[in-house]
Amino acid sequence: MDLDEYQRGALRTAAPRDKRNELLHLVLGLVGESGEIAEKFKKWVRDLDSDESRIDRDDIAKELGDVLWYVAVLADYLDLSLDDIASANLAKLASRQDRGVLSGSGDNR
């Protein structure tokens, strides 16, 4: 499956764009799902002594899927293709690596 194919599939379960406050719903949903991943890792540190063998990978995969859904639908709402976003991101990172600024800080390096 390519990213645009996933994006089209995700849209089958998305609310209509013209639903009141849909953009805000998508942004907050993305932040919320990302926060759920952080919360699971917080408990992994607190309760499981950061033992990587005890990470519930199936549970994390489900949460990452929720994040991916929100990214896909939010991108579509903004008329952006996931394939295009992914390609541009890889090109940006490769350029930073070539210039030796991969581990620097700031968006425009």
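Are Trp-69 and Tyr-70 buried or exposed? Trp-69 is buried, and Tyr-70 is buried too; buried means under 20% relative accessible area, exposed over 50%, and partly exposed in between, with a 1.4 Å probe and protein chains only.

## Basis of the values

This is a predicted model, in which local features need pLDDT of at least 70 and side-chain atom pairs count only at pLDDT 80 or more, while totals for chains, interfaces and linings use all residues. Residues are numbered from 1 along each chain as its sequence is written, and side-chain values use heavy atoms, with hydrogens and water left out.

## Aromatic pairs

The structure holds 2 aromatic pairs. Rings of Phe, Tyr and Trp (its six-membered ring) pair if their centres lie within 6.5 Å; planes under 30 degrees apart count as stacked, over 60 as edge-to-face, and the rest as tilted. Phe-41 and Trp-44 make an edge-to-face pair, at 5.5 Å centre to centre with 85° between the planes. Both residues belong to helix α2 and are 3 residues apart, about one turn of the helix; helices (H or I, at least four residues) and strands (E, at least two) are DSSP runs numbered from the N terminus. Phe-41 counts as partly exposed because its relative accessibility is 29%, whereas Trp-44, at 14%, counts as buried.

The rings of Trp-69 and Tyr-70 have centres 4.9 Å apart and planes at 85°, so this pair is edge-to-face.

Glu-33 is found in helix α2, which covers residues 22–48. Glu-33 is buried yet has no salt bridge, and Lys-40, the nearest side chain of opposite charge, is 8.5 Å away. Lys and Arg count as positive and Asp and Glu as negative; His and the chain ends are not counted. Leaving aside neighbours within four places in sequence, Glu-33 is in contact with Glu-63, Asp-66, Val-67 and Tyr-70, where contact means heavy atoms within 4.5 Å.

Ala-14 lies in the loop between α1 (3–11) and α2. With neighbours within four places in sequence again left aside, Ala-14 is in contact with Trp-69 and Val-73. Ala-14 and Asp-47 are 33 residues apart in sequence and 36 Å apart in space, C-alpha to C-alpha.

## Salt bridges

A salt bridge is a side-chain nitrogen of Lys or Arg within 4 Å of a carboxyl oxygen of Asp or Glu. The count comes to 6 salt bridges. One of them joins the side chains of Asp-76 and Arg-17 at 3.3 Å, N to O. This pair links distant parts of the chain, with Asp-76 in helix α3 (residues 57–77) and Arg-17 in the loop between α1 and α2, 59 residues apart. Asp-76 is partly exposed at 21% relative accessibility, and Arg-17 is partly exposed at 39%.

Lys-42 and Glu-39 also meet in a salt bridge, at 2.9 Å, N to O, and both lie in helix α2, 3 residues apart. Asp-59 forms a salt bridge with Lys-40, the closest N and O atoms being 2.8 Å apart. Here Asp-59 is in helix α3 and Lys-40 in helix α2, 19 residues apart, and the pair links distant parts of the chain. Salt bridges that share partners join Arg-17, Asp-76 and Asp-79 into one network.

## Arg-17 and Tyr-77

Arg-17 also lies over the face of Tyr-77, at 5.8 Å from the ring centre. A charge sits over a ring if NZ of Lys or CZ of Arg is within 6 Å of the ring centre and within 35 degrees of the ring normal.
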